[in-house]
Structure formats: C-alpha cells, structure tokens
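Hello,

I am handing over the structure we talked about, so please open it and keep it beside this email. My notes on what turned up follow below.

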Amino acid sequence: MNFSSNFSAPFIRRPVATSLLTFAIFLSGAVAFRFLPVAPLPQVDFPTIGVGAGLPGASPETMASAVATPLERQFGRIAGVTQMTSSSGLGSTSITLQFDLNRDINAAARDVQAAINAARSQLPADLPGQPGYRKVNPADSPIMLLALSSENIPPAQIYDAADSILAQKLAQVEGVGQVFTWGSSRPAVRVEVNPYQLNSYGISLETVRKSLQSANANLAKGTLSDSQQNWTVTDTDQLFKAYEYQPLIVAGHVGAPVRLRDVAEVLDSVEDTRNLGLYGGKPAVLLAVFRQPGANMIETRREHD
C-alpha cells in the first residue's frame with residue numbers, strides 16, 4: 001500500500017502534467033499503429049518448396065509415372081531434403097519438398113531449378129512448359145479474391161483476358177507477389193473422335209494425333225532467292241478455331257481423302273473442361289492475389305483499390 005500511494009502521489013499532485021503525459025502516450029500509440037505490419041501469421045521463412053507440372057489430358061497414372069517419377073529421382077539427390085510428397089491428378093502433378101531448418105531457402109531453390117533442368121530430358125516431349133516451382137509458406141494465403149462473371153461472354157474468353165491481361169497488371173501493383181487465375185481454362189479446340197467411324201476407315205487414333213500435330217506446327221517456311229534478291233517466306237500453320245480443323249485430311253481410304261469432320265466432332269471449347277468456378281451460383285473466373293513477403297496486407301489492398 002505504501003508503494004502504491006507513493007507511486008500515485010506525484011500524478012495526483014500534478015493533474016495537468018498527468019493529463020498531458022496520458023495524451024502524449026495515446027498520441028504516440030496512434031502514430032505507431034499506422035506503421036505496424038499486418039498479417040494473419042508472423043513472417044517466417046520455412047525451407048519448403050512446391051513444384052508443379054501440367055500435361056493436359058494425361059491420366060493421374062501417366063502423370064505419376066512419366067512426370068512425377070523423373071522429377072522425384074532428381075530431387076532425391078538434393079542435399080538437405082527431409083521430406084518429399086507428391087500428388088498426381090488429371091493433367092497435373094504437384095511435389096512438395098521440405099528441407100532442414102538450417103537450409104537456406106534460396107540455395108535450395110537453386111538446387112531445385114538445377115534438378116528440374118536435369119530431369120527435362122526424361123520428361124514427356126509434349127509437355128507444354130517447364131515445370132515451375134515456388135517457395136511455400138504457411139502464412140502465404142491470398143489477401144484478396146476477385147470474381148469475374150458475365151451474362152454474354154463465355155468463361156473461356158473471360159479466363160483468357162483475366163490470365164493474359166488483368167493478372168499481369170495486378171502483379172505489377174506494389175506489394176503483390178503473385179496472381180493466380182482459377183475457375184476456367186484457356187480457349188482450345190477439342191476433337192471428339194468416333195472410334196466406330198475410325199474402325200470403318202481402318203484409321204488409328206495415333207494417325208489422327210499425328211495429323212493434328214503436323215497441321216498445327218508453326219515451323220520455318222524457308223526462303224526464295226535469285227542472283228540479286230532474297231525473300232523470306234513467313235506464314236503460320238497454327239489453327240485456332242474448330243472450323244479450321246474440320247477439313248484437315250487425316251488419312252486416305254479407297255483413293256479418297258478422309259477428313260477430320262468425317263471421323264470426329266470438332267468443337268470450340270477449353271483446355272480443361274473439369275475446371276469450374278462459381279460466384280453467387282453462376283460460372284465465374286476467380287483471381288487469387290498473393291502479397292510479397294513482408295508487404296503490408298492493408299496497404300497492398302489499398303494500392304489495388
């Protein structure tokens with residue numbers, strides 16, 4: 001009691017000074033509050049890296065044996081890997097690598113990139129792109145989800161515009177680390193082959209695949225030249241619409257050409273028909289915005305707004 005009364009006595013005898021001191025503490029706290037970082041979890045660099053690869057149309061078994069296995073062999077040679085898990089689905093594979101706590105995450109990322117390069121020759125030749133990787137952090141969750149929908153524009157066109165234009169612009173906003181596009185897939189032409197018609201013409205599915213591949217290759221056309229001039233032939237063999245594929249000749253039968261429309265139904269569709277996003281019960285394309293490490297979540301949202 002004596003200590004409490006002695007401690008309070010100066011503040012009781014000087015009420016004006018006590019009020020000014022209280023106001024100064026309040027003002028300091030209000031000013032400092034604006035500089036506090038905002039995040040649901042503290043910023044901690046866990047040595048964990050996620051690797052992803054995609055091969056549209058491949059079954060989970062094919063992804064596991066032809067894509068995941070060669071990558072896992074190379075990743076297993078990296079020093080400091082304590083745990084490696086993989087998951088393969090329809091057309092995609094994801095591998096998670098966990099390292100020792102004393103392992104530098106940047107050095108581990110360089111080793112992962114080198115392992116991916118070493119495994120590239122063992123991966124399928126028709127893999128659309130190089131497997132990618134990113135540092136994984138439990139605190140790395142989306143700070144914002146945007147939904148795009150339209151009554152007139154199909155989801156495939158919305159996805160194409162969101163992925164190629166809007167996501168690129170959002171990624172340039174200060175504090176934004178990555179932007180992912182979900183809910184649909186890029187526009188594509190789907191060929192639904194009728195096996196009974198193929199059998200009647202004596203044509204295999206591999207013949208149809210090779211015909212489509214050769215007809216849709218953007219290759220060099222060569223040059224024309226004489227003694228004085230040289231002309232470069234430029235053109236594209238790529239086809240983008242279903243009506244452009246329909247008259248393609250896939251084989252010959254009894255002296256007559258067999259066109260693609262004779263053995264298959266060609267449709268303007270998307271790469272992955274099993275990818276769907278919903279907002280308010282209606283189809284929509286979703287954009288997930290992730291912040292950069294150490295960025296203020298509130299300030300990043302304000303920059304976006």
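This is a predicted model: local features need pLDDT of at least 70, side-chain atom pairs count only at pLDDT 80 or more; totals for chains, interfaces and linings use all residues.

Helices (H or I, at least four residues) and strands (E, at least two) are DSSP runs, numbered from the N terminus.

Residues are numbered from 1 along each chain as its sequence is written, and side-chain values use heavy atoms, with hydrogens and water left out.

Now the overall picture. The chain holds 10 helices and 15 strands. Of its 305 residues, 27% count as buried; buried means under 20% relative accessible area, exposed over 50%, and partly exposed in between (1.4 Å probe, protein chains only). Contact means heavy atoms within 4.5 Å. Among contacts between residues at least 6 apart in sequence, 70% join residues at least 24 apart.

Back to tryptophan 231: its relative accessible area is 41%, so it is partly exposed. Not counting residues up to four places away in sequence, tryptophan 231 touches Gly222, Thr223, Leu224, Ser225 and Asp226.

Next, the aromatic rings. Rings of Phe, Tyr and Trp (its six-membered ring) pair if their centres lie within 6.5 Å; planes under 30 degrees apart count as stacked, over 60 as edge-to-face and the rest as tilted. Searching the whole structure gives 1 aromatic pair. Phenylalanine 180 and phenylalanine 290 form it, edge-to-face, with 5.4 Å centre to centre and 90° between the planes. The pair links distant parts of the chain, since phenylalanine 180 is in strand E6 (residues 176-182) and phenylalanine 290 is in strand E15 (residues 285-291), 110 residues apart. Phenylalanine 180 counts as partly exposed because its relative accessibility is 29%, whereas phenylalanine 290, at 8%, counts as buried. Arginine 134 lies over the face of phenylalanine 290, 5.5 Å from the ring centre (a charge sits over a ring if NZ of Lys or CZ of Arg is within 6 Å of the ring centre and within 35 degrees of the ring normal).

Two loop residues also deserve a look. Serine 184 is in the loop between E6 and strand E7 (187-193). Is serine 184 buried or exposed? Its relative accessible area is 6%, so serine 184 is buried. Leaving aside neighbours within four places in sequence, serine 184 is in contact with residues including Pro155, Tyr159 and Val285. Valine 254 is in the loop between strand E10 (249-253) and strand E11 (256-259). Valine 254 has a positive phi of about 55° although it is not a glycine. With a relative accessible area of 75%, valine 254 is exposed.

Finally, a helix contact: Pro70, Leu71, Gln74 and Phe75 in H3 meet Val112, Ala115, Ile116, Ala118 and Ala119 in H4.

Best wishes
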